[in-house]
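Trainee: I would like to learn how to read a site between domains. Where do we start?

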Amino acid sequence: MASRNEQPPHFLFVPLMSQSHLIPFTQMAKLLAFNGVSVTIVLTPLNAARFNMVIDQAKALNLKIQFHILPFPCLEVGLPEGCENMDTLPSNQYVQLFFAASNMLKDPFVRWLSELETLPTCIVSDFCLPWTADVASRFKIPRVVFQGISCFALLCSHKISHSNVHESVTSMSQPFVVPDLPDTIEFTKAQLPEALLQDSGAWKRTIEIFKAAENSADGILVNTFEELEKMYVQGYEKTVKKIWCIGPLSLHDRLILERTRIDGNKTSVDGSECLKFLSSNKPCSVIYVCFGSLCRINASQLKEIALGLEASGHPFIWVIGKNDCSAELDKWLVEEKFEERNSGRGVIVRGWAPQVEILSHSSTGGFLSHCGWNSLLEAVSAGIPLVTWPLSAEQFFNQKLIVQVLKVGVGIGVGEVVDPMEGQKTVFVKKEHVKKVIDQLMEQSGDGELRRNRARELKQMAYMAVEDGGSSSSHCKLFIQKIVGLVPS
Ligand code: UDP
């Protein structure tokens, strides 16, 4: 049986194999390593190859970060070979299989731990990987859960599921007020994540298992910062358990990499084109459009977005995710001569854009976003106001925080959750409305100016939080001290 050696502290990270989980996990690895911890990240071969630059960055920065690679059991569960990341799943039908494969990582993980001479100081596990609770208790290793969403969303979700207030309404579109929150926050059932609805079956049970594993953890790390949503951080901590707010992780990451002038996004050809384009435009003039790493949007809706962007007259960078690229859309773009027509005024990125760099550029003035939490935090850190277009998961909660509580966004006006993997079936927002809301956001005076000023204030708060002695940096240090103190000598 392995024994534990306290020096230096060694934290084992176990993320879900999905971009919006892997990105903050790798950023958190750099942050903790920067604070003297040795970090091992458990990855699968495809994801290790995708994030290889983290190892290069760690070497250049003299940080102790390494990967431990476990094969992902695609074929064993009936996933196509190579489906190791959620963004490679052919459709929604495969999501449960993906979680089944993620759960099967437990046995090889246990075998590997048993063979280690020295056990890790701590396991930091993804909220979505509840099997880590059992492993940690078996090996008597402290375990902390990482939450990659806002405390606002966590608390809303908690209050709704514990009060069942949403079951008191008579239709999907009737608003209800979430009880016991610092602000008056209304939702409709149509806007709730599937797992909160009574008839969601397998998902409801899955989330209950995730929650039980969170309840038995030694604490929760959240990618947020205290000043952004203080009342909600306090509310969640009071209701659930100890929280350390160590975000925005993307901002910590940016500052760590800047110290050695490392470019985190060197790989993208489109990336350099975007940055060149931004440099040729006026400050705060460009609208950036991106729907995250997973969402799928049908070609008809994408055409409306294209025409709305064009009609707005603002320079734009529009990311068409790899799952949204289709023969139909490409044919339309060519037939319309859309790119020719907008040459010099807009850039289309097919696939992956260097989002953090784009948002941080002084020419970027607005962000049309699907309200994924990483994207929102990246916008907050860059002081960029948003058009919010939530699609699924907790994105409607995030929209409320951005538009109603923080007042740095304009809602596009969609009213219901769509299946993220299947995409919406119809056109929800017409080009005229896309133009109207973008114009509203980019307005230089009036409400536009107020939103921009508030966004700049949030940026300042974010920078203060990650500075030495700031709330986020302090939480990170306190977290490490607490965990090291938990380890029996
Ligand atoms: N992202 C990126 N380039 C892209 C699309 C996404 O860098 O072209 C990054 C983005 O910066 C963020 C993450 O992918 O860190 C998306 O996470 P988010 O929580 O916003 O959305 P999700 O992918 O979970 O829907």
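Mentor: Start with the domains: their bounds come from an automatic or database domain assignment. Here they are domain 1 (10–255 + 466–486) and domain 2 (267–462). This is a predicted model: local features need pLDDT of at least 70, side-chain atom pairs count only at pLDDT 80 or more, and totals for chains, interfaces and linings use all residues. Residues are numbered from 1 along each chain as its sequence is written.

Trainee: Where does the ligand lie?

Mentor: Both domain 1 and domain 2 give residues to the shell around the ligand, so the ligand lies between them.

Trainee: How many residues surround the ligand, and which are the closest?

Mentor: A residue is near a molecule if its C-beta atom, placed from the backbone, lies within 6 Å of it. Here 18 residues surround the ligand, with Ser20, Gly292, Ser293, Gly372 and Ser375 the closest.

Trainee: Which element gives the largest share of that shell?

Mentor: Helices are DSSP runs (H or I, at least four residues), numbered from the N terminus. Helix 17 gives the largest share, four residues.

Trainee: What do the buried residues of helix 11 pack against?

Mentor: They pack against helix 1, helix 3 (52–61), helix 16 (355–360), helix 17 (373–382) and helix 20 (446–466).

Methods: Two residues are in contact if their C-beta atoms, placed from the backbone, lie within 7 Å. Helices (H or I, at least four residues) and strands (E, at least two) are DSSP runs, numbered from the N terminus.
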